[in-house]
Amino acid sequence: MRVEVPELLTVEEVSEITRVPKSTLANWAADADRGRSAFGPPHIQLSPRKRVWAKADVVAWIEQKRGQ
């Protein structure tokens with residue numbers, strides 16, 4: 001059985017796409033990890049020092065913000 005894996009983006013790539021600073025993305029992700037209300041796109045915590053974002057989630061987040 002083959003599992004479909006989403007295209008994953010680094011913080012640098014998400015920052016480039018969204019024009020949001022890397023430090024802000026990191027702060028939003030840390031808030032989400034602590035159970036706080038998070039503003040940014042959802043991330044995946046691969047290890048204590050590595051976060052990635054699914055491209056589809058980033059695009060959906062941008063589209064949601066565009067519609068507000």
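Visitor: Which residues line the largest cavity?
Guide: In this predicted model, the largest cavity is lined by Leu25, Trp28, Ala29, Ala32, Ala38, Gly40, Pro41, His43 and Trp53.

Visitor: And how many of those are nonpolar, polar or charged?
Guide: The lining divides into seven nonpolar residues and two polar ones, with no charged residue among them.

Visitor: Which helix gives the largest share of that lining?
Guide: That is H2, which supplies four residues of the lining, and this helix covers residues 22-33.

Visitor: What volume does the cavity have?
Guide: The volume of the largest cavity comes to about 50 Å³, and a search of the whole structure finds one cavity of 30 Å³ or more.

Visitor: OK, new topic: which residues make up the largest nonpolar core?
Guide: The largest nonpolar core has nine residues, namely Leu9, Val14, Val20, Leu25, Trp28, Ala29, Trp53, Val58 and Trp61. Helix H2 and helix H3, the latter spanning 55-67, each supply at least two residues of this core, and the largest share, three residues, comes from H2.

Visitor: What is valine 20 in contact with?
Guide: If its neighbours within four places in sequence are left aside, valine 20 is in contact with Ser15, Leu25 and Trp28.

Visitor: Now the strands: which residue stands opposite leucine 9?
Guide: Leucine 9 stands opposite tryptophan 53 in E3, where strand E1 (residues 8-9) and strand E3 (residues 50-54) pair in the antiparallel sense over two bridges.

Visitor: How many bridges join E2 to E3?
Guide: Strand E2, residues 44-47, is joined to E3 by three bridges, and the two run antiparallel, with glutamine 45 standing opposite arginine 51 in E3. A hairpin through two residues joins E2 to E3.

Conventions:
Residues are numbered from 1 along each chain as its sequence is written. This is a predicted model: local features need pLDDT of at least 70, side-chain atom pairs count only at pLDDT 80 or more; totals for chains, interfaces and linings use all residues. Side-chain values use heavy atoms; hydrogens and water are left out. Two strands pair if DSSP finds at least two bridges between them. A nonpolar core is a set of buried Ala, Val, Leu, Ile, Met, Phe, Trp, Tyr and Cys residues joined through side-chain atoms within 4.5 Å. Buried means under 20% relative accessible area, exposed over 50%, partly exposed in between (1.4 Å probe, protein chains only). Contact means heavy atoms within 4.5 Å. On a 1 Å grid over the protein atoms alone, a cavity is a set of points where a 1.4 Å probe fits but cannot get out, and a pocket is an open set with protein on both sides within 12 Å along at least five of seven lines; lining residues have an atom within 4 Å of a point. Grid points are joined across faces, edges and corners, and a volume is the space filled by probe spheres set on the points. Ala, Val, Leu, Ile, Met, Phe, Trp, Tyr, Cys and Pro count as nonpolar, Asp, Glu, Lys and Arg as charged, and the others, Gly among them, as polar.
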